[in-house]
Amino acid sequence: MNSLEVKNLSVEYLNEKGDHLIAVENLSFSIPQGKSLGLVGESGCGKTTVMLSLMRLLPEAGRITSGQVFLNGLDLMRISEKEIQKIRWKEIAMVFQGAMNALNPVRTVESQIVEALMVHEILSSKADATKRAGELLELVGIPSKRGKQYPFQFSGGMRQRAVIAMALSCSPKVLIADEPTTALDVMVQAQITDLLQRLQKEMNLSLVLVTHDLGVVAEICDDVLVMYGGVMAEHADSDSLFNRASHPYTQRLLQAFPDIANPGSKLASIPGVPPRLNALPPGCRFEPRCDLRIAGLCEKIQPPVIQISEGHSASCHLLARGDQHD
Amino acid sequence: MQRRDYLLKKIFFAIVTLIAVVVFNFFLFRILPGDPVKLIIHSPRMTKEAQAKIRQNFGLDKPVWWNQEEFLTDGLVGGLDTQFTAYLVNLTKGDLGISFANRQDVSEILKERVWKTLILIGLGTVLAILIGVGLGMLAAWRRGSRLDTALLLIGLFTWAMPTFFFGIILLMLSGGIFPIGGMVSPGLKPEDGLKYWLDIGHHLVLPTVTLTILYMSEYMLIMRSSVVEVLSEDFILTAKAKGLNAFQIFRDHALKNAMLPMVTIIALTLGYTVGGAIQVETVFSWPGLGRLMFEAVQKRDYPVLQGVFLLLAVSVIIANLLADMLYAVLDPRVKPE
Amino acid sequence: MNTKDKIWRAFIRKPMALVGLGMLLVVILMAVIGPFFAPYDPNQRVDVQPSDILAPPDAQHWLGRDDAGKDVLSLLIYGARVSLIVGFVSAFFSMLIGTVVGLAAGYFGGRVNNILMRITDFLMVIPDLPLMLVIVSVWGRGLWKIIFVIVLLHWTYTARLVRSQVISIKERQYVMRARSMGASDVRIITKHILPQVLPLIFAQAVLDISSSIIAESTLSFLGLGDPTLISWGMMLNFAFERAISRMAWWFLLPPGIAIVWVSLSIILIGNALEELLNPRLKTHHLFDPRRMIAIQAPVESAHSESEATG
């Protein structure tokens, strides 16, 4: 059973001048219960927008123009604000990017977890909720008595773990982690990644991990969705993506990562810059930076989604013509 | 631990400041050119008893800081037999001297007037805070709207307007509906019960409105920018993601954070509130400490001037300390600088 | 095009700035050349008849006459000088002293900082108006004495501001580099730190002009103005004592309106400058140095943590 199913999601932003900036276009994906999906892409490719849209947390300037988001069968786009408030955190929770400031600095860490528990009536007495908050903190490796402290008294890694504990407090079915390891040092990154993996298995969570770090994705994600310029570039299970990447962008991305087996090889970066949202090309979004482009086709027409094999698809004209590239 | 250190430091500083003010107060009236006490004591208006009392009070026959003669005969105690010591001793006894103008005890005069100023400032400030905070939240909520712009313009004007002039304008505009000045209509006494208190209230309206409007816009602007800033913080998004509704988000997350700068501002403006009270009481002849100060200036009644100044300065210092303590309660991140 | 020209051009584009500038120009003209055009010379003795006292406006006296029979319009024109002189001179000295103190405290830190900051805090805690009243009544009236008390109380705001700026600049890379190359303190201060701080000081000084003008008018209103000069505050003092019962609005309102006019003009200019020179300060503290400090205080302690951890 798919715990999360996104169909044809499109999101735009309105800027001060009234321009419509299309941040996400026609995105579809699904996640079975208990599996993890890595959402990968450069900064500004729309990953965070997608995640905020799932929970209808877009800022005022943002608008979901079309699409459906099924959470265990219920279309979140169709329900009222009141109803989604009940669902937020309880069925689907999020760990934000830059969790440094995700916690209210003038309230104790514990009280903020207690708040989540009591708002969703997981527990009705404050004493019980406080106890449970302590248990949750222990679960992520923080001594429960530190819950009485304030966020500024926690280290960066601890704050991130506390935020994860808080996110899991209501035992959601889906957990979204938006760049959970960015801005943390490498040792701490590993701790967090391990923690997420462990919790996911223990609680049979569906995990969506938004990141630009392919290494983390390789470690813990079952499936991967690569985004570029607001659209899907490639969607595959982890194994297929890393070994049989089909979209030119994915291929370049993989090349750009240092290969530990081949330390002397040159790091290949992708020349050019991501597309500006108010100047989107009519054709393939990646075309300006693609060295496999087909002149006359790629820049004019958006590539269709091609099914390469079971659970592996990519949007590229090259594939449509049957040209496979390694 | 941090918080405790912060508070201790603040208390210590307050005490040091109080001591400094007390010394400064003495210094001001003795050292500055035109030693007023010496001038007045020879004024023909003074009766012999009053002169003797003043001489005794101020210890004018004694040296100012250090008594070398007596030190030689009586040691340290003798050395300290000075005007300054007399001043300090009197202070601890609550004796602030006697008024040059009407020969009353200064402390008596102050006692009589204090509560009148407290009513005025208290009412004015509380109203200003309540209305200012409320409007500020409203303006932040409806940022960019016409209400917001209107409030910003009002803020602009009240900052450019001297307090006393605003009082004069209100006085002229109210023509007849409210009394021109004073606290109570002649003839009414506390024994008249409700009528008396209502009459006071009637007299209280204009001066209070003057203070309230001027200070309210100050608080409103701060609250507005504070709320706007807080609402853009990450933890507000987290709160929303947790499924809290707008009201809960505001009450449990935004409010406390937004109030922090407010507390600081209130503390900072306490000194100005006192200045405002002086002006308002003068314009509306409200018989409080402010008006007393104005009258003392006019009559050159230095003991009264000194007494009022001391009282006002000490009050503001203590009020600042209380505000610092309140801030520490609200924000656990405070640290001693 | 150097920075000054750039700032000027951006400044001119703001409507707020232009309005303020225009308003200020009117007052400056009034002060400088007004006396030549004033219908009467208020310093000259006039023979007055009882009916001239507080006479309402008419053709010869556009704003009527005051309690001594003098022409209010002329008084108003002459009064502009005092306000502008006190405003600009006070702000200048406040800026000067405040900058020196702030630089010393911020740069040298340690005991120098502690002593200077204690003095600053002391002066800031004491309520302004009572202190000014007390000093002027004991010392005596006079223009320079008024300027002195205003400066005494106002330099502290600049000092605080400068100090916090210096502290943050001091830790920046290019300063540390200069230090390690052996640059002297004076050189570092004048060449690296001062240029950064100057725009901030300047904007603050402009705003200080308006609060100085208001301070002078308040002192004059309360009877402590310079008796040898005409000032708007003093006009209001006389007006309030003598004209209020007769509701002589022509005498009561113009001086006050003039004070508001000039303060407003400076606030508009100062605010426009603030926005230009300090776009970083997210919360536009609008025309008040006190607010600037308040907003900086909590922000300092709140965000220094998160900035450190990134």
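Helix 2 of chain C and helix 4 of chain C are roughly perpendicular to each other, because the angle between them falls in the 65 to 115 degree range. Keep in mind as you look around that this is a predicted model.

**Stop 1: the helix pair.** Select residues 15–32 of chain C for helix 2 and residues 72–108 of chain C for helix 4. Their packing angle is about 110°, and the axes lie 7 Å apart. Turn the view until one helix lies over the other: helix 2 of chain C passes helix 4 of chain C in a left-handed crossing.

**Stop 2: the residues between them.** Now show side chains. From helix 2 of chain C, pick Val27(C), Ile28(C), Met30(C) and Ala31(C); they meet Ile77(C), Ala80(C), Arg81(C) and Leu84(C) of helix 4 of chain C. Colour this contact by class and you get 7 nonpolar residues, no polar ones and 1 charged.

**Stop 3: all of chain C.** Zoom out to find 12 helices and 0 strands in chain C. Of the 310 residues in this chain, 47% are buried.

**Stop 4: across to chain B.** Bring chain B into view, where 51 residues are in contact with 47 residues of chain C. Which helix gives the most to the side of chain B that touches chain C? Select helix 12 of chain B (246–283), which gives 13 residues. Finally, colour that whole side of chain B by class: 36 residues are nonpolar, 12 polar and 3 charged.

Notes. Residues numbered from 1 in each chain as written. Chains lettered and ligands numbered in written order. Predicted model: local features only at pLDDT ≥ 70, side-chain atom pairs only at ≥ 80, totals over all residues. Axes fitted to C-alpha atoms, helices over the stretch in contact; angles between N-to-C directions. Helix = DSSP H or I, 4+ residues; strand = E, 2+ residues; numbered from the N terminus. Parallel < 35°, antiparallel > 145°, perpendicular 65-115°, else oblique. Left-handed = near helix turned anticlockwise from the far one by under 90°. Contact = placed C-beta atoms within 7 Å. Nonpolar A, V, L, I, M, F, W, Y, C, P; charged D, E, K, R; others polar. Buried ≥ 20, exposed ≤ 12 C-beta atoms within 10 Å, placed from the backbone.
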